Amino acid sequence: MMSVAARSGAFFPYMQATAFAVPGPLKALVPGVVIKGDQILLNPKKTFLCRESLSGQSAKTGPAVTVSINGNGGVRFAHTDIRVPDFSDYRRPEVLDPNKSSQDSSEARRAFSYLLTGAATVVSIYAAKTVVTQFVSSMSASADVLAMSKIEIKLSDIPEGKNMTFKWRGKPLFVRHRTEKEIAAEAAVNLMELRDPQHDKDRVINPTWVIVLGVCTHLGCVPIANAGDFGGYYCPCHGSHYDASGRIRKGPAPLNLEVPYYEFADDDTVMVG
Amino acid sequence: NNRSVFTNQNQKGFNVLLAKYSLKQRGQASVSYAQSLLGAPETRLTALDNGLRIASEETGQATCTVGLWISVGSRYEREKNNGAGFFLEHMAFKGTKKHPQSALEQQVESMGAHLSAYTSREHTAYYIKALSKDLPKAVELLSEVVQSCSLNEADIEQQRGVVLRELEEVESNLQEVCLDLLHATAYQGTPLGHSVLGPSSSARNLTRHDLVDYINSHYKAPRMVLAAAGGVNHEELVGLATDHLSGLSFEYEGDAVPVLSPCRFTGSEIRMRDDALPLAHIAIAVEGASAASPDIIPLMVANAIIGSYDLTYGGGKHLSSRLARLSVEENLCHSFQAFHSAYSDTGLLGIHFVTDRNNIDDMILVNTFLYYRMNLCTTVTESDVARGKNALKAALVGQLNGTTPVCDDIGRHILNYGRRIPLAEWDARIDAVTPKIVRDICSKYIYDKCPAVAAVGPIEQLSDYNRVRSAMYWLRF
């Protein structure tokens with residue numbers, strides 16, 4: 001580098017990274033020109049040779065930028081010229097002061113970050129679970145199908161002593177408005193006589209109303225209401241007699257008529273299913 | 001600094017020649033380690049009226065080292081005059097008021113002495129290595145260099161070029177560049193982030209006025225130690241100091257005593273990527289213990305467990321450090337070393353390694369995995385700690401192999417601790433370290449802390465900072 005500079009003659013001041021003036025015994029030292037300001041003035045008309053250096057004419061001036069075809073080029077003289085930017089805009093308030101140790105606040109800062117991360121994780125897991133369940137449960141029964149699984153019955157339409165049949169889940173549903181006499185009679189039945197012993201109060205919520213599935217427990221025929229020897233139902237297929245509580249009394253059926261899940265919305269309405 | 005296995009101090013001086021002296025034990029066939037610890041000569045400490053401290057260790061040799069250790073460094077500089085200490089060190093031997101340059105050189109050479117200096121972030125030292133009988137002359141020259149340096153304008157102008165050339169040269173020492181950048185990012189916005197060399201604009205723009213200002217603000221007797229080791233007599237030394245150095249000022253202009261404020265550590269990273277370089281230099285460090293903290297000993301033991309490694313180490317895969325074994329077996333790196341730079345109220349505890357561009361990720365994984373969690377914070381064993389303790393003791397003793405290292409030790413200890421800590425005390429403190437202490441202290445400084453990362457070279461493979469940060473903890477613990 002220095003040898004090329006020596007050979008370049010007229011371009012010597014521009015070739016070096018630095019130049020200095022030393023006072024001789026007779027000549028006083030003339031201070032170099034100090035260029036102030038951030039802008040580096042470059043003459044675009046000057047022809048560019050192998051090596052150029054924007055460094056001014058004395059060691060005191062400006063930055064050093066070197067451009068070279070067959071040598072090192074750079075905009076920075078040394079690694080010590082690197083300025084770490086000021087990140088104050090992004091710092092948390094506890095670490096804004098450069099004269100305070102950051103150790104004191106480190107636990108608090110970490111706790112805050114981890115707490116936030118933890119909370120965000122919980123929320124995301126919950127959100128993910130919700131999305132997944134929504135998609136998976138879309139494969140289950142749709143609303144219209146589910147609607148058909150329940151039936152709402154207006155009880156004031158059924159006169160006393162009468163039985164009404166509804167279609168529910170593809171099966172007949174018997175709703176019987178019992179008289180006082182029937183209620184008393186069924187309650188007094190001795191459980192020992194019954195093939196499938198169940199007390200009447202275990203089969204009804206409100207003794208006035210008996211709600212059972214109208215499917216004979218023998219082979220599945222539909223019994224006829226208000227028929228048979230026991231004041232209840234009679235299955236014509238094989239002769240099973242049920243009483244006013246739907247219990248089997250005579251005939252081949254092994255079990256009582258099934259009691260579905262139902263609840264009274266109010267005195268006049270019952271929801272079965 | 002730092003009594004760590006790898007001394008990492010920015011030693012910027014010229015003519016640093018370490019002559020190898022051996023401590024001669026007269027008339028004894030062999031001495032046990034314990035005996036030699038107790039038999040070491042005591043370091044005597046006196047203070048002058050102006051606050052200057054004088055410390056010496058007399059070993060009766062024919063040579064000696066005497067020097068002035070000053071508690072000033074790049075940490076005391078501001079943005080505007082960063083690099084003043086370094087520049088001043090260059091100017092120091094260019095002549096004094098009584099001895100112009102050639103006369104000064106002639107005086108030193110005719111004694112056959114070596115005159116050297118170094119500047120670091122918190123300390124500056126000027127010292128002479130000479131024959132013991134030349135002690136008076138040496139102290140006189142030292143006092144002149146420090147008190148009445150001539151600082152000619154012409155010399156200053158000439159030295160600008162020298163300093164700039166030195167800056168250019170240091171660019172090729174990538175280890176220095178990497179560690180400088182590590183300090184710059186770890187202590188960003190604080191004086192400890194300043195490099196000792198200063199930016200190139202300092203070399204171009206510092207004036208005589210700045211240098212004189214620097215001397216007047218910082219070269220004060222209470223912050224100086226005259227240390228000597230070798231064939232020196234303490235009383236003689238005190239007498240010489242009274243003659244030559246009692247004129248050192250101890251008052252500050254406007255009572256403006258410079259107080260060191262704490263320096264904030266920032267977990268951050270700086271990357272100087274250059275794919276044209278053959279090897280990548282990477283340093284990762286967390287905030288460590290200060291020089292006077294009691295935690296320093298377990299941290300030094302921890303560093304000794306990690307150790308250092310270089311491609312040229314003959315041990316290969318039989319090296320005791322686990323990280324070194326892995327480096328050999330899996331060809332992870334060219335070299336690494338664990339370091340701990342301790343300053344007066346903070347420190348950098350870390351690892352510096354050199355590797356090629358395809359092994360960076362593996363090295364970091366192994367390094368952070370191994371160094372930070374597995375070995376040190378959680379599962380370090382009794383045998384590891386015993387090995388580390390022995391290695392540390394051997395290193396501490398082995399470093400003091402001559403009057404110059406001993407003198408340096410004395411100077412720095414007095415500045416850091418206020419007294420010289422004898423080897424016997426180091427030994428006792430090291431012996432008190434147990435695996436549990438190592439685990440606890442390392443967890444305190446390393447586990448789940450934000451590191452500072454500095455990397456130079458072909459570092460494309462270096463993972464994102466967040467990944468390095470999350471390698472500092474395990475979800476298992």
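**View 1. A loop glycine of chain B in a predicted model.** G60(B) lies in the loop that joins strand 2 (53-58) and strand 3 (63-70) of chain B, where helices (H or I, at least four residues) and strands (E, at least two) are DSSP runs numbered from the N terminus. This is a predicted model, in which local features need pLDDT of at least 70 and side-chain atom pairs count only at pLDDT 80 or more, while totals for chains, interfaces and linings use all residues; side-chain values use heavy atoms, with hydrogens and water left out, residues are numbered from 1 along each chain as its sequence is written, and chains are lettered from A and ligands numbered from 1 in the order in which they are written. With a relative accessible area of 37%, G60(B) is partly exposed (buried means under 20% relative accessible area, exposed over 50%, partly exposed in between, with a 1.4 Å probe and protein chains only). Although G60(B) and V232(B) are 172 residues apart in sequence, their C-alpha atoms are 7.1 Å apart in space.

**View 2. Helix 10 and helix 13 of chain B.** The axes of helix 10 (residues 296-306) and helix 13 (residues 382-399) of chain B come within 8 Å and cross at roughly 100 degrees, the axes being lines fitted to C-alpha atoms, for helices over the stretch in contact, with angles from 0 to 180 degrees between N-to-C directions. The two helices of chain B are therefore roughly perpendicular to each other, a term for angles of 65 to 115 degrees.

**View 3. An open sheet in chain A.** Four strands of chain A form an open sheet in the order 7-8-9-10, with antiparallel pairing, where two strands pair if DSSP finds at least two bridges between them. Strand 7 (224-227) and strand 10 (248-250) of chain A are the edge strands, each pairing on one side only, and neighbouring strands of this sheet are turned by 40 degrees against each other on average, direction ignored. Strand 9 (residues 240-243) and strand 10 of chain A pair in the antiparallel sense over two bridges, and the bridge partner of H241(A) in strand 10 is K250(A).

**View 4. The annotated stretch of chain A.** An unreviewed UniProt entry carries the annotation "domain: Rieske" for residues 203-271 of chain A. Over these residues chain A is 1% helix and 42% strand, and the end C-alpha atoms are 16 Å apart.

Notes:
Angles under 35 degrees count as roughly parallel, over 145 as roughly antiparallel, 65 to 115 as roughly perpendicular and the rest as oblique. UniProt positions are given in the numbering used here, feature names are shortened, and annotations may be inferred rather than shown by experiment.
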